[in-house]
Amino acid sequence: MSTFEYVALDAGGRTCQGVISAATERMVREQLQARRLVPVRITPAAEGLGSRLRNRLRPRGLGVRTLSLVTRQLATLVAAAPLEEALRTIALQAESPRLRHILTATHASVLEGFRLSDAMARQDAAFPPLYRAMVAAGENSGALPTILERLADLLERDEQARSRLKIALVYPAALTITALAVIAALVVFVVPKVVDQFDSMGQRLPLLTRVIIFVSDMAQNWGLLFLLLLAGGIAFLTQALRKPKFRLRFDTALLRLPVAGKLIRDVNAARLARTLSTMIASGVPVLEGLLLTAPTVSNHSLRQGTLLMATTIREGGSLSGAMRRAGIFPPILIYMTASGEGSGRMDEMLGRAAEYLEREFQAFVALALSLLEPIIIVVMGAVVTVIVLAILLPILQINTLAYS
């Protein structure tokens, strides 16, 4: 079986291209004619470098920003044009070769008769299972454009939250790096040169000066080793976190931290509620939604809690009861879920709970970042002041001795 690349014309005279596996070029033509396509060019797929290029273009997962953009475009076009035409249009205007390859392959599968969700499933990890489940729900209910709109809203909201957090962290991160660089330069380069001037004094240096000299010597003699040990510790922790048991204990310990634990729990709970709200509104059963959402929860302790919820619901329990049994979700989420079950507005109440948790998280992060900047400046100023005092104290001591 060989692989062939083709360019063909459809019944409307539009150009389409793709890859087909067949024994001979004649069989490729027969397959294209069976799809009502007129072959224009058929060439054997290149081996060697070309093969490696295709492997590099093989779908491995799309970023949130790319996936949200494609979903929004698809939702807009599907509402006004056939699905095949919408996919072909988006594929032609895609700037990334990898994205163009994914969309072209999806378009080809749809032309072969596959449903959109099944065509997406054939693209390896390009489209997440949760994403495909919602698309399948939209196809089953006949409301694919509406479901795609909800998916695009969900992805865009997630991307906006990430972008806001990254932008907010840029200035504090730059300020911290600058402060550390200034302090390191003072300790490693400035202090030793000044201390050399005090060696011939024959006087006992002040305690603060001796401490700074000790720190400077440690930084000069053992600084590189310390950095290597730090890098090794980070590498060891990274490898250890890949082991499920260690990762579960580590994530459980994170949730027990005084402030950070609550933030981690709330942000994951908000994402879970938002995703479940969208899936339930799209017609996906709660149990299936939980099973699909669980792998997307980054904290393994909360992921285990989500799977426990799915087990409880499979046994006949309610969603709010499952959350209460897990014992790790915010009380407001449990209360809003129970209210939604009682009123029959589960998707709406989960969405409100997600909005409340997201607002709390954003308000805390904004407050923390606004306090972090002056704290960094004050700490940096204090450290620099201590270093300057350590240098000035021996000089003042010499002046006192000279006048006495």
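**Close-up views of a helical chain**

Residues 24 or more positions apart account for 59% of the chain's contacts with a separation of 6 or more, a contact being heavy atoms within 4.5 Å. This is a predicted model, with local features needing pLDDT of at least 70 and side-chain atom pairs counting only at pLDDT 80 or more, while totals for chains, interfaces and linings use all residues. Residues are numbered from 1 along each chain as its sequence is written, and side-chain values use heavy atoms, with hydrogens and water left out.

**View 1. The whole chain, before zooming in.** The chain has 16 helices and 3 strands; these are DSSP runs numbered from the N terminus (H or I, at least four residues, for helices; E, at least two, for strands). Of its 404 residues, 36% are buried. Buried here means under 20% relative accessible area, with exposed over 50% and partly exposed in between (1.4 Å probe, protein chains only).

**View 2. The largest nonpolar core.** A nonpolar core is a set of buried Ala, Val, Leu, Ile, Met, Phe, Trp, Tyr and Cys residues joined through side-chain atoms within 4.5 Å. The largest one holds 35 residues, and Leu74, Leu116, Phe127, Tyr131, Val135 and Leu148 touch the most other members. Helices supplying at least two residues each are α3 (64-78), α4 (83-93), α5 (97-111), α6 (116-121), α7 (129-141) and α8 (144-196). The largest share, 6 residues, comes from α7. In soluble globular proteins, nonpolar side chains tend to be buried together.

**View 3. Leu74 and its partners.** Zoom in on Leu74 and, skipping neighbours within four places in sequence, you'll find it in contact with Leu83, Ala86, Leu87, Ile90, Leu116, Met120 and Leu148.

**View 4. α4 packed against α5.** The two axes come within 9 Å and cross at roughly 160 degrees. Axes are lines fitted to C-alpha atoms, for helices over the stretch in contact, and angles run from 0 to 180 degrees between N-to-C directions. That makes α4 and α5 roughly antiparallel, the label for angles over 145 degrees. Leu83, Glu84, Leu87, Arg88, Ile90 and Ala91 of α4 make the contact with Arg100, Leu103, Thr104, Thr106, His107, Val110 and Leu111 of α5. Sorted by class, that's 7 nonpolar, 3 polar and 3 charged residues; Ala, Val, Leu, Ile, Met, Phe, Trp, Tyr, Cys and Pro count as nonpolar, Asp, Glu, Lys and Arg as charged, and the others, Gly among them, as polar.

**View 5. Asp251 in helix α10.** Asp251 sits in α10 (residues 244-255). Buried or exposed? Asp251 is buried, with a relative accessible area of 3%. Leaving out neighbours within four places in sequence, Asp251 is in contact with Ser298, Asn299, His300 and Ser301.

**View 6. α12 packed against α13.** The axes of α12 (residues 286-293) and α13 (residues 300-314) come within 9 Å, crossing at roughly 160 degrees, so α12 and α13 are roughly antiparallel. From α12, Val286, Leu287, Leu290 and Leu291 meet Thr306, Leu307, Met309, Ala310, Ile313 and Arg314 of α13.

View 7. Thr312 is found in helix α13 and counts as buried at 8% relative accessibility. Not counting residues up to four places away in sequence, Thr312 touches Gly317, Ala322 and Arg325.

Notes. Angles under 35 degrees count as roughly parallel, over 145 as roughly antiparallel, 65 to 115 as roughly perpendicular and the rest as oblique.
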